[in-house]
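Here are some questions for a first look at a protein model.

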Amino acid sequence: MGDHSEAFVAFDTSKLRNAVAIAEAGRSGEVRFLGEIDNTPAATAKLVRKLAAKYDRLAFCYEAGPTGYGLYRQIKGLGQECVVAAPSLIPKKAGDRVKTNRRDALGLVKLLRAGELTAVWVPDARHEAMRDLTRARWAAVEDLRSKRQQVSSFLLRLGLHYAGKKTWTKTHMNWLASQKLEHAEQRIAFEEMLLAVRQAQERIVRLEEAIRVAVPDWSLAEVVEAVMAMRGIDMVSATAFLAEIGDLSRFRTPRELMAYLGLVPSEHSTGDTVWRGPITKSGNRRARQILVECSWSYRHPPRVGKKKQDKVAAAPRAVREIAWKAQNRLYARYRALTRRGKLPSVAVTAIARELSGFIWAVNREIASTRDAARP
């Protein structure tokens with residue numbers, strides 16, 4: 001046994017090799033670079049066992065990144081503590097212009113020992129799989145948007161303009177099919193673009209069907225069904241939002257969720273001067289965008305549409321009351337903000353912030369009902 005019974009270990013991860021640094025407990029504890037090991041489960045397990053034989057207690061960490069959560073799950077499986085640090089919240093020296101694997105690992109382990117790292121929430125393997133599925137659908141929507149833009153740009157270059165108000169409807173598609181192009185080469189290029197659009201649309205339909213099939217067996221299926229009672233939120237958006245955020249019970253208050261989504265105002269105040277700017281846009285970009293898109297429906301007076309009635313009826317009574325309260329509150333809030341001269345986009349962002357609070361309340365209601373049902 002060494003002189004210190006506790007040690008902190010940091011990995012600077014990469015595709016093939018992991019740089020490893022260790023810091024012993026205490027302000028005067030030794031900090032040293034252990035070298036690099038292969039980024040394989042066998043090499044990691046060998047290092048963890050070697051260090052566990054020397055120290056009573058170990059704490060590991062690494063930055064969240066493209067290498068995923070496999071290292072975290074392996075270390076936890078070996079019975080050790082592990083932190084996946086949020087890269088954007090790691091303190092950095094403004095004048096530090098040298099970056100190497102060795103320096104990154106040493107700096108990370110010092111911050112871990114000092115308690116200066118902010119951990120990200122790590123999903124379980126099934127939750128991560130659901131997130132991958134919803135992100136695949138997200139990528140498909142972005143791909144469809146890009147392919148549609150290619151068609152529009154192609155026709156604009158040829159001087160062809162659609163007279164209707166809304167594009168990519170059935171009428172617009174018929175208009176596209178009726179276009180006569182002068183050259184055969186342009187006709188071939190145009191047909192290939194339209195084929196790419198149709199294939200992208202079919203891809204989205206397949207992924208959305210896969211989401212609907214997967215949700216009933218998911219741990220958050222009950223929350224998804226409850227959140228669907230909220231106006232503007234369907235199964236796809238509810239699943240995508242919860243897949244990005246995870247278990248909402250980890251947020252103690254609605255304000256914590258709002259701050260996590262980056263929907264709170266930024267602030268730069270000093271002395272008697274208080275300055276608040278636009279939203280921080282920190283946290284999960286996809287979840288924030290989903291929430292803002294859903295919030296546009298609260299521009300309209302409160303009502304429960306024909307398609308929404310079944311979803312609302314399937315929710316518990318307490319959830320239905322929260323959903324109706326949200327409609328009245330957020331519609332009034334939108335009208336008040338626009339009357340004050342706020343841009344619609346600014347008002348809807350404010351609505352999204354409050355909508356996240358109502359979703360938090362729905363989750364709390366489902367969690368309390370579940371806890372009460374347990375023996």
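Q: How many bridges join strand β1 to strand β4?
A: This is a predicted model. Strand β1 covers residues 6-12, and strand β4 covers residues 57-63. The two run parallel. Val 9 stands opposite Phe 60 of β4. The number of bridges joining β1 to β4 is 6.

Q: Which strands are the edge strands of the open sheet of 5 strands?
A: The order in this sheet is β3-β2-β1-β4-β5, with mixed pairing. An edge strand here pairs on one side only. That gives β3 (31-38) and β5 (81-85).

Q: At about what angle does helix α1 run to β3?
A: Helix α1 spans residues 41-52. It lies across β1, β2, β3 and β4. Its angle to β3 is about 150°.

Q: Which helix packs on the sheet with its direction at about 140° to that of β1?
A: This helix touches β1, β2, β3 and β4. It is made of residues 101-114. The helix is α3.

Q: Is Trp 168 buried or exposed?
A: Trp 168 sits in the loop between α4 (125-157) and α5 (170-177). Its phi is near 65°, a positive value in a residue other than glycine. Because its relative accessibility is 17%, and the cut-off is under 20%, Trp 168 counts as buried.

Q: Is Lys 281 buried or exposed?
A: Lys 281 lies in the loop between β7 (276-279) and α10 (285-295). Its phi is positive too, near 55°. Its relative accessible area is 57%, and the cut-off is over 50%, so Lys 281 is exposed.

Methods
Residues are numbered from 1 along each chain as its sequence is written. This is a predicted model: local features need pLDDT of at least 70, side-chain atom pairs count only at pLDDT 80 or more; totals for chains, interfaces and linings use all residues. Side-chain values use heavy atoms; hydrogens and water are left out. Two strands pair if DSSP finds at least two bridges between them. Helices (H or I, at least four residues) and strands (E, at least two) are DSSP runs, numbered from the N terminus. Contact means heavy atoms within 4.5 Å. Axes are lines fitted to C-alpha atoms, for helices over the stretch in contact, and angles run from 0 to 180 degrees between N-to-C directions. Buried means under 20% relative accessible area, exposed over 50%, partly exposed in between (1.4 Å probe, protein chains only).
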